[in-house]
Every structure is written in structure tokens, then in C-alpha cells.
Amino acid sequence: MGGKASVGGRKWAARRTDADGIAETEVIGTGAVPPELADNRLLVELVKGGDVVAREPLEAARSRHIAARP
């Protein structure tokens, strides 16, 4: 049994895009987010300590999703 290594700590997720801005792959890591992926992070803090810290209209999320698809 086993074979899967686990790394503790906070993770980040980002989407790598091609020259046309189309999503190619998703990258997950620990530590600092590489500068070339900083603008394409997938995780957004919406609630912190029980308080809403960010909001986004559903239509904005839909538009971003459509733009990222080939």
C-alpha cells in the first residue's frame, strides 16, 4: 500500500496558458507562486475568519471560464 507522497502546508493552484491565453494545464505547488503564474491563480480567498472578504458576480466567473476554454 502507499506510493503517494504528501507534502504538508498551504498549497496554491494556477493555470498555465498558451500564447493565445487558452488554458493548457493546471499547476499545484507549495511555497511562493512563480511570477509567471501569479496572474493565473485559481484559488481566491472569499471568506476569512467568518467574514466575507471578496465577492465576484457569477457572470464574471462564467466569462472567465468561457475565455479559458479552447
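Author: Two strands are said to pair if DSSP finds at least two bridges between them. This is a predicted model, and within it the bridge partner of Lys-11 is Thr-30, a residue of E2.

Reader: What makes E1 and strand E2 a pair, and in which sense do they run?

Author: The cut-off is at least two bridges, and E1 and E2, the latter covering residues 23-30, are joined over seven bridges in the antiparallel sense, so by that definition they pair. One of the residues concerned is Trp-12, whose bridge partner in E2 is Gly-29.

Reader: Why is Ile-28 called exposed?

Author: Exposed requires over 50% relative accessible area, and Ile-28 has 68%, so the term applies. Once its neighbours within four places are set aside, Ile-28 is in contact with Lys-11, Trp-12 and Ala-13.

Reader: How do you know whether Ala-54 counts as exposed, partly exposed or buried?

Author: Its relative accessibility is 27%, and since buried means under 20% and exposed over 50%, with partly exposed in between, Ala-54 counts as partly exposed. It lies in the loop between strand E4, residues 51-52, and H1. Its contacts, leaving aside neighbours within four places in sequence, are Glu-45 and Leu-46, while Val-44, 10 residues away in sequence, is 8.3 Å from Ala-54, C-alpha to C-alpha.

Reader: What makes up the largest nonpolar core, and why is it called a core?

Author: Its five residues are Trp-12, Ala-14, Val-27, Val-33 and Leu-37. The term is used because a nonpolar core is a set of buried residues of such types joined through side-chain atoms within 4.5 Å. For Ala-14, the contacts beyond four places in sequence include Val-27 and Leu-37, and they also include Asn-40, Arg-41 and Leu-42.

Reader: Which residues lie nearest the centre of the largest pocket, and how many line it?

Author: There are 18 lining residues, and Arg-15, Arg-41, Leu-42, Arg-64 and His-65 lie nearest the centre. The space in this pocket comes to about 470 Å³.

Reader: Which element gives the most to the lining of that pocket, and what classes of residue does the lining hold?

Author: H1 gives the most, with four residues, and both strand E1 (11-17) and helix H1 (58-68) supply at least two. By class, the lining has seven nonpolar, four polar and seven charged residues.

Technical notes:
Residues numbered from 1 in each chain as written. Predicted model: local features only at pLDDT ≥ 70, side-chain atom pairs only at ≥ 80, totals over all residues. Heavy atoms only, no water. 1 Å grid on protein atoms, 1.4 Å probe; cavity = no way out; pocket = protein on both sides within 12 Å on 5 of 7 lines; lining within 4 Å. Points joined across faces, edges and corners; volume = space filled by probe spheres on them. Nonpolar A, V, L, I, M, F, W, Y, C, P; charged D, E, K, R; others polar. Buried < 20%, exposed > 50% of the residue type's maximum accessible area, 1.4 Å probe, protein only. Contact = heavy atoms within 4.5 Å.
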